Amino acid sequence: MAGLTIWMDGEFVPENEATVSVFDHGLLYGDGVFEGIRAYDGVVFKLEEHIDRLYKSAKVMKLDIPLSQREMVEAVLETCRENDISSGYIRLVVTRGVGDLGLDPDKCSTPTIFIIAADIVLYPEEAYQKGLKLVTVPTRRNQAEALNPRVKSLNYLNNIMAKMEARQAGMQEGIILNESGYVVECTGDNIFIVEPGKVLRTPPPYMGALEGITRETLMEVARDGGFKVREEPLNRYDLYVADECFVTGTAAEVLPVVEIDGRLISGGKPGPSAGKLIEEFRRRAASEGAKI
Ligand code: PMP
């Protein structure tokens with residue numbers, strides 16, 4: 001099987017030649033930013049929004065990306081073309097670049113940029129039919145005054161710890177709380193609940209949630225479908241007594257949740273709202289975005 005062709009610092013190289021230095025600060029210190037993006041049938045879904053989030057994350061870290069946003073959009077599309085990807089998953093990474101063994105980012109002269117466009121490993125259909133079981137994990141979201149969780153940085157150890165804790169508890173996903181004990185999101189997905197009267201609630205980004213592109217789209221879909229959408233603090237009580245719950249993310253799209261910390265949600269079966277929202281989300285995903 002032929003390998004992938006990687007966009008690496010402005011050139012296409014075969015995947016076995018797409019390597020980074022051991023002195024790259026992305027590797028040494030997690031000093032970098034990334035995006036996970038999805039293409040559906042020849043269209044890259046919300047590409048500009050992803051690029052926008054990438055540049056915002058980079059700006060917070062004072063990481064100057066040596067390409068305009070427009071050039072970055074074009075590089076992503078070219079990478080899809082080069083790899084004949086019509087539907088797939090794109091990983092875009094920008095690191096601080098090669099420096100010395102110290103922390104100092106000023107010693108890194110040029111950011112390392114690479115783009116991978118590959119087939120997507122989908123969640124099994126069973127996950128959508130049966131729903132996910134979640135557990136609240138001990139690892140807390142770090143404070144906004146530390147590295148703000150709205151920055152999609154290469155430092156994902158909190159999320160990885162949380163994922164391991166969920167797995168150890170025998171569950172598919174973990175719910176992360178912030179320092180005050182409010183629900184924030186899952187390890188790689190945002191979280192929503194449905195309450196009576198077509199009310200949809202999700203934690204606001206200032207509580208520590210990433211501004212998920214799927215989350216944003218889902219809120220639009222829900223508003224158009226007559227839901228009252230509220231971004232407001234949620235605690236575990238709200239989750240336990242919700243009519244429905246689901247998580248959203250680029251890979252997961254919209255995945256129903258049927259159990260949280262041993263409490264059944266929507267009777268232990270995916271609820272009706274999640275099903276309708278997924279349908280409309282997929283309809284939009286297939287038609288909105290940048291053409292490859
Ligand atoms: N939260 C976290 C921590 C994430 O890493 C992600 C992306 N994988 C999301 C939420 C979902 O964001 P998006 O819908 O943009 O993929």
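Student: Which residue stands opposite Val-93 in S6?

Tutor: Phe-114 does. Strand S5 (residues 88–95) and strand S6 (residues 112–118) run antiparallel and are joined by seven bridges. Strands here are DSSP runs of E with at least two residues, helices are runs of H or I with at least four, and both are numbered from the N terminus. Two strands pair if DSSP finds at least two bridges between them.

Student: What kind of model is this?

Tutor: The model is predicted: local features need pLDDT of at least 70 and side-chain atom pairs count only at pLDDT 80 or more, while totals for chains, interfaces and linings use all residues. Residues are numbered from 1 along each chain as its sequence is written, and side-chain values use heavy atoms, with hydrogens and water left out.

Student: What's the strand order in the open sheet?

Tutor: The seven strands run S2-S1-S6-S5-S3-S4-S16, with antiparallel pairing. S2 (11–14) and S16 (290–291) are at the edges with a single partner strand each, so one side of each has no neighbour in the sheet.

Student: Is S3 buried or exposed?

Tutor: Mostly covered: nine of its nine residues are buried, meaning under 20% relative accessible area with a 1.4 Å probe, protein chains only. Gly-32, Phe-34, Gly-36, Arg-38 and Tyr-40 point one way, and Val-33, Glu-35, Ile-37 and Ala-39 the other.

Student: Why two sets of side chains?

Tutor: Because side chains in a regular strand alternate between the two faces of the sheet.

Student: Which strands does S3 pair with?

Tutor: S3 pairs with S5 over eight bridges, where Val-33 stands opposite Val-94. S3 also pairs with S4 over two bridges, and the bridge partner of Tyr-40 there is Val-43. S3 and S4 form a hairpin with two residues between them, and Asp-41 in the turn has a positive phi of about 45°.

Student: New topic: what lies 2.4 Å from an oxygen atom of the ligand?

Tutor: A polar side-chain atom of Tyr-156. A polar side-chain atom of Thr-250 lies 2.5 Å from a ligand oxygen atom, and a polar backbone atom of Ile-213 is 2.8 Å from one.

Technical notes. Polar contact = N/O pair within 3.5 Å; in protein donor to acceptor, adjacent residues only side chain to side chain. Buried < 20%, exposed > 50% of the residue type's maximum accessible area, 1.4 Å probe, protein only.
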